[in-house]
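Hi,

Here is the structure I promised to pass on.

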Amino acid sequence: MISAALRQLELGEVPVARRTGRLTGAAGLLLEATGCPFETGQRCLIETGSGQWLEAQVVGFRDEISYLMPFKPARGLATGARVLPAGEQGGLQIGPSWLGRIVNGLGEAIDGLGKLGGDAPLEVHPPRVNPLKKQPVREVLDVGVRAINGVLTIGRGQRVGLFAGSGVGKSVLLGMITRQTAADVVVVGLIGERGREVREFVEHALGPQGLAKAILVVAPADESPLMRMMATELCHAIAAHFRDRGQHVLLLVDSLTRYAMARREVALALGEPPATRGYPPSVFGLLPQLVESAGNGEGAGSMSAIYTVLAEGDDQQDPIVDTARAILDGHIVLKRELAERGHYPAIDIAASVSRCMSQLAASGHLRAARLLKDLAARYAQVRELIPLGGYVPGADPATDRAVQLYPQIEAFLQQDTDEAAPLAHTLAQLEALAA
């Protein structure tokens with residue numbers, strides 16, 4: 001006899017068949033599948049030879065061929081392997097329990113401290129804010145670095161880039177800012193960097209107290225370009241979540257260049273033609289979308305963002321450097337020549353600028369900062385002449401003053417990695433030096 005439960009079951013509720021695609025090609029980073037209409041951005045499962053399932057995402061299509069890219073290294077794939085659309089996923093849930101945790105680009109915990117939970121849904125793509133409703137930058141952000149606080153003052157909600165070649169001290173300076181900046185939540189994205197730097201950043205840059213209010217999103221250099229892209233976008237989404245709940249958030253991304261490189265790998269694999277130094281046009285269109293999701297929102301919270309930008313070969317005209325300089329609210333240039341002289345942090349104040357400083361600093365502070373930059377620039381003009389005896393005092397009183405005061409200026413601009421430089425103390429030192 002048919003039970004009452006079976007009588008109530010309608011025929012339309014019975015899954016008669018499940019659409020399945022087939023793997024038809026694998027070349028480099030890109031996989032090809034046919035037989036099932038997949039949507040761009042959709043997640044899929046690909047059967048491997050060992051019976052396991054590899055997770056991938058649809059990144060494009062052409063005619064009846066769908067192009068997929070796996071999140072993790074693809075091994076054991078064979079032609080004709082089944083490709084299934086991934087089931088409906090509940091999405092990520094975020095909350096205060098995320099603080100002190102380390103996750104990957106998918107939002108999965110990789111610190112061995114258990115599964116993450118939360119009380120609010122998290123949209124993995126960075127949100128867009130109406131530019132007319134964004135709160136302006138009104139308050140100074142004390143980053144604890146004397147050269148930045150004094151001469152390149154930045155504010156809450158400002159987006160700044162650290163520009164330098166490799167090995168000049170970008171990550172060390174980022175660690176100093178992380179430890180000393182006053183923020184409710186710190187979101188750190190370690191994108192495309194060396195794997196050993198993750199633990200070093202946690203133990204040395206953050207420490208136990210810093211980690212307690214931080215969330216790390218990690219995608220080292222050995223991750224797929226898709227994971228590096230998703231990790232960068234995820235850390236922006238996390239920072240925006242806490243900003244929109246009225247908290248002051250500091251977002252640190254190391255580095256924006258590695259995100260652009262990951263975008264380049266995906267675009268080239270899809271057949272997009274290279275334009276500028278191998279970068280396809282889509283990269284230069286997507287970078288502003290990412291950066292514009294940072295900054296202040298509509299509420300009382302703030303989201304300050306600091307990006308490291310790798311200048312390959314110390315070339316400040318590199319296309320990514322040039323694009324980042326145009327779309328950010330300031331740039332801090334680290335100079336290799338200063339680092340080679342033992343000047344740390346190796347900030348070139350003449351080549352750096354904060355576009356929000358004029359609306360944040362008092363008039364006396366602005367005058368003192370401009371005077372210091374002028375004296376430093378005058379000294380740079382005659383520095384190489386002094387050991388050769390080519391500089392004769394008395395010809396220019398302003399240059400004479402720059403030469404006389406430069407040891408004090410250099411001491412002001414240098415700072416040990418474990419030394420704190422609060423804003424009030426820095427301004428007092430700057431005014432005394434300018435006087």
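R243 is buried, at a relative accessible area of 2% (buried means under 20% relative accessible area, exposed over 50%, and partly exposed in between, with a 1.4 Å probe and protein chains only). Its salt-bridge partner is D244, and the closest N and O atoms of R243 and D244 are 3.0 Å apart. By salt bridge I mean a side-chain nitrogen of Lys or Arg within 4 Å of a carboxyl oxygen of Asp or Glu. D244 is partly exposed, with a relative accessible area of 47%.

Before you go further: this is a predicted model, where local features need pLDDT of at least 70 and side-chain atom pairs count only at pLDDT 80 or more, while totals for chains, interfaces and linings use all residues. Residues are numbered from 1 along each chain as its sequence is written, and side-chain values use heavy atoms, with hydrogens and water left out.

Searching the whole structure turns up 20 salt bridges. One of them joins R159 and D329, at 3.1 Å from N to O. R159 sits in strand β10 (residues 159–164) and D329 in the loop between α8 (319–327) and β15 (330–333), so this pair ties together parts that are 170 residues apart in sequence. Both R159 and D329 are buried. (Helices, H or I of at least four residues, and strands, E of at least two, are DSSP runs numbered from the N terminus.)

Then there is E337 with K335, a salt bridge of 3.6 Å, N to O. E337 is partly exposed at 32% relative accessible area, and K335 is partly exposed too, at 34%. Through shared partners, salt bridges link K335, E337, R341, R383 and E410 into one network.

Now the sheet. Eight strands form an open sheet with mixed pairing, in the order β8-β12-β11-β13-β14-β10-β15-β16; two strands pair if DSSP finds at least two bridges between them. At the edges are β8 (101–103) and β16 (353–354), each pairing on one side only. β10 and β15 pair in the parallel sense, over three bridges, and G161 stands opposite H331 in β15.

Finally, helix α6 (residues 256–269) lies across β11 (185–191), β13 (248–254) and β14 (302–310), and runs at about 70° to β14. Contact here means heavy atoms within 4.5 Å; axes are lines fitted to C-alpha atoms, for helices over the stretch in contact, with angles from 0 to 180 degrees between N-to-C directions.

Cheers
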